[in-house]
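Open the model in your viewer and keep the selection panel at hand. The tour goes from one selection to the next.

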Amino acid sequence: MSQVEGARLFREAWIAGVREHFPGEPKPGYVTPWEDTPEWERQAAGAAYEQVRQLLEVSAGHASRLTPEQKSRFVATCWTAQMFKHFEDPKPGYVADWSDLPEWQQKTDTDIFEAIEKSLN
């Protein structure tokens, strides 16, 4: 899978997770389709996808044995690093520690990891 395809998979898993776990109606930006996603966000999604893919690869697939929380924390950390890359002074919510993220976002990050994992099988 190319990095662009991986980025799109990451974004689509995010949207699916938001639709499943977000309480109430999500902000429009949370569910913006790929075609309308800003370039910086596409790049960030591609980089985070690649980090999860590499973790699975270098562990010979055994990273699938991580707990849902560990999977979620890894995705959140990868995303946070991208926020620091793309923004000189990112909003606090963009770089919040995993434990400070809302439950819906933690669950969505787990879903993203597992979507990437599934795409590699």
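In which helix does Asp 109 lie? Select Asp 109: the residue sits in helix 4. Keep in mind throughout that this is a predicted model.

**Stop 1: the helix pair.** Select residues 68–86, helix 3, and residues 103–120, helix 4. Their axes are 7 Å apart and cross at an angle of about 90°. Angles of 65 to 115 degrees count as roughly perpendicular, so helix 3 and helix 4 are roughly perpendicular to each other. Now show the side chains at the contact. Helix 3 contributes Pro 68, Lys 71, Ser 72, Phe 74, Val 75 and Ala 76. Helix 4 contributes Gln 106, Asp 109, Thr 110, Ile 112, Phe 113, Glu 114 and Glu 117. Colour this contact by class: six residues are nonpolar, three polar and four charged.

**Stop 2: Asp 109.** Go back to Asp 109 and zoom in. What is the nearest side chain of opposite charge to Asp 109? Arg 73 is, and it lies 10 Å away. Asp 109 is buried, yet has no salt bridge. A salt bridge needs a nitrogen-to-oxygen distance within 4 Å. Select the surroundings next. Beyond its neighbours within four places in sequence, Asp 109 is in contact with Trp 14, Ser 72, Val 75, Ala 76 and Leu 101.

**Stop 3: Arg 73.** Where does the charge of Arg 73 find a partner? Select Glu 69: the two side chains meet in a salt bridge, 2.9 Å from N to O. Both residues belong to helix 3, four residues apart, about one turn of the helix. Arg 73 is partly exposed, at a relative accessible area of 33%. Glu 69 is partly exposed too, at 40%.

**Stop 4: a bridge across the helices.** Select Glu 114 and Lys 71. Their side chains form a salt bridge, 3.3 Å from N to O. This pair links distant parts of the chain, with Glu 114 in helix 4 and Lys 71 in helix 3, 43 residues apart. Buried or exposed: which describes Lys 71? Lys 71 counts as buried, at 5% relative accessibility. Glu 114 counts as partly exposed, at 33%.

**Stop 5: along helix 4.** Select Lys 107 and Glu 103. They form a salt bridge, with the closest N and O atoms 3.0 Å apart. Both lie in helix 4, four residues apart, about one turn of the helix. Lys 107 counts as partly exposed, at 38% relative accessibility. Glu 103 is exposed, with a relative accessible area of 52%.

**Last stop: a network.** Select Arg 8, Glu 12 and Glu 35. Salt bridges with shared partners join these residues into one network. The structure holds nine salt bridges.

Technical notes. Residues are numbered from 1 along each chain as its sequence is written. This is a predicted model: local features need pLDDT of at least 70, side-chain atom pairs count only at pLDDT 80 or more; totals for chains, interfaces and linings use all residues. Side-chain values use heavy atoms; hydrogens and water are left out. Axes are lines fitted to C-alpha atoms, for helices over the stretch in contact, and angles run from 0 to 180 degrees between N-to-C directions. Helices (H or I, at least four residues) and strands (E, at least two) are DSSP runs, numbered from the N terminus. Angles under 35 degrees count as roughly parallel, over 145 as roughly antiparallel, 65 to 115 as roughly perpendicular and the rest as oblique. Contact means heavy atoms within 4.5 Å. Ala, Val, Leu, Ile, Met, Phe, Trp, Tyr, Cys and Pro count as nonpolar, Asp, Glu, Lys and Arg as charged, and the others, Gly among them, as polar. Buried means under 20% relative accessible area, exposed over 50%, partly exposed in between (1.4 Å probe, protein chains only). Lys and Arg count as positive and Asp and Glu as negative; His and the chain ends are not counted.
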